[in-house]
Amino acid sequence: MKGSSFTKMFTWALATLSLTLSLWILRDEAVARLYELGKVSDASDYLERTFLSPASMRAINLIREWMEDAGLRTWVDQMGNVHGRVEGANANAEALLIGSHLDTVVDAGMFDGSLGIITAISALKAMHVNGKLQKLRRPVEVIAFSDEEGVRFQTTFLGSGAVAGILPATTLEISDKRNITIKDVLKENSVETTEGSFLQLKYDPKSVWGYVEIHIEQGPVLEQVGFPLGAVKGIAGQTRLKVTVRGSQGHAGTVPMSMRQDPMAAAAEQIVLMESLCKHPEEYLSYDSHCSDSSVKSLSSSLVCTVGEISTWPSASNVIPGQVTYTMDIRAIDDLGREAVIFDLSKRIYEICDKRSVSCIIEHKHDAGAVLCDPELSSQLKSAAYSALKRMEGDIQDEVPTLMSGAGHDAMAISHLTKVGMLFVRCRGGISHSPQEHVLDNDVWAAGLATLSFLENL
């Protein structure tokens, strides 16, 4: 009996130690690493880390150290992506890719992108210290993508796009505001990249099983429903338009109101129209072969439209403008519905211009189709999230929420390579791309536990 009691106590002690160590790795150490990485910046007063900048190079070295600490074999590819891989029990099986981006916007928060990288590394480290890393059923590769935000070169997904093989070789010749090309930046960092070697960065689809990304929600839904985690059903498609309205420039005091051809007034009417149409698409769109009832219903819950930039010429308080230029960002999970909105909105914009005797030009600057997450991966991530929350809180009465992403993610690029799944993590106030961006320590822990559960049940 004594021996039996000792064995039970020893087993209990080991289990307690394992749980304590897991808690420290998945929460305390992960949070500390988020704050450490959040200090790696090219600016002294705020967080800024753009493609292969000095701060990015420091971040690359730091992330690589953490990957090696988790028992992973590491390397940096010719686009600055950091890779950490473990072969598991079957090196010939298709690999799971898991990751996010290491770059930031200007004056950024410290969780966007970084949370997904550090959560993945922490989960694998927890497996490593418990002797489970080599028991993984398939290879697992963490990738910290070098550029997703596109701040420096105004081209998103440089890192994940290269891995997915969706970027042409001419990408290397894209230049920044100082006329420095991507190829120049790579050379500055001792990376000699040719068109051939750039195209070879593409992964063989047959070697990849799927891709998973853990990311902050960047919206208020999870906080509103009181859940730290949510499965993502899809990523909204996006269209960016540039609208130029030209009228008759004149003196603000001498041209009668009835005789004006004012592009500012026309632009203002167009912007208010956009807001109304995007709030109530069912009141504007007609049902035909291009816009079904289901598309309109989908738009009612997912359509968002934004005018983020507006400029006027000559921009003087006592001058009726001669030209106004503004942008429209239109996003929805239903591509046909989004196209119907753009068609209808464009027609109405031209009608306003005709009515006001001004001219309009509408340019399409960017188009990206919606990406639907793989149902099987989404179900597995949802189960992993439920398991994590149950472990933290006991019984969970409500179902883990499923939501769409209005923001673009590396998963959009990788979807051209393999099936994708995403898990969102609650962020305070839904705030992102801001120093006010924040994730609770326990929500970091929940994300780590869910990732660990997912990996253990691959």
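A residue counts as buried when its relative accessible area is under 20%. By that cut-off, the buried residues of helix α11 are Leu377, Ser378, Leu381, Lys382, Ala384, Ala385, Ala388 and Leu389. They lie on the same side of α11, because they cover an arc of only 165° around the axis. The model is a predicted one.

Helix α11 spans residues 375-393 and has 19 residues. From its first C-alpha to its last it reaches 26 Å, close to the 27 Å expected at 1.5 Å a residue. Glycine 394 follows α11 and has a positive phi, near 90°. The cover over the buried residues of α11 includes strands β5 (208-216), β6 (229-235), β15 (402-405) and β16 (420-425), together with helix α13 (441-456).

Strand β4 covers residues 140-145, and six of its six residues are buried, so the strand is largely enclosed by the rest of the structure. Val140, Val142 and Ala144 are buried on one side, and Glu141, Ile143 and Phe145 on the other.

| Partner strand | Sense | Bridges |
|---|---|---|
| β2 (residues 82-86) | antiparallel | five bridges |
| β3 (residues 95-101) | parallel | six bridges |

Arginine 85 has glutamate 141 of β4 as its bridge partner, and histidine 101 stands opposite phenylalanine 145 in β4. Between β3 and β4 the chain passes through helix α3 (residues 114-129), forming a right-handed β-α-β crossover.

Technical notes. Residues numbered from 1 in each chain as written. Predicted model: local features only at pLDDT ≥ 70, side-chain atom pairs only at ≥ 80, totals over all residues. Heavy atoms only, no water. Helix = DSSP H or I, 4+ residues; strand = E, 2+ residues; numbered from the N terminus. Expected span 1.5 Å × (residues − 1). Buried < 20%, exposed > 50% of the residue type's maximum accessible area, 1.4 Å probe, protein only. Arc of directions from axis to C-beta. Contact = heavy atoms within 4.5 Å. Pairing = 2+ DSSP bridges. Right-handed = clockwise from strand over helix to strand, strands pointing away.
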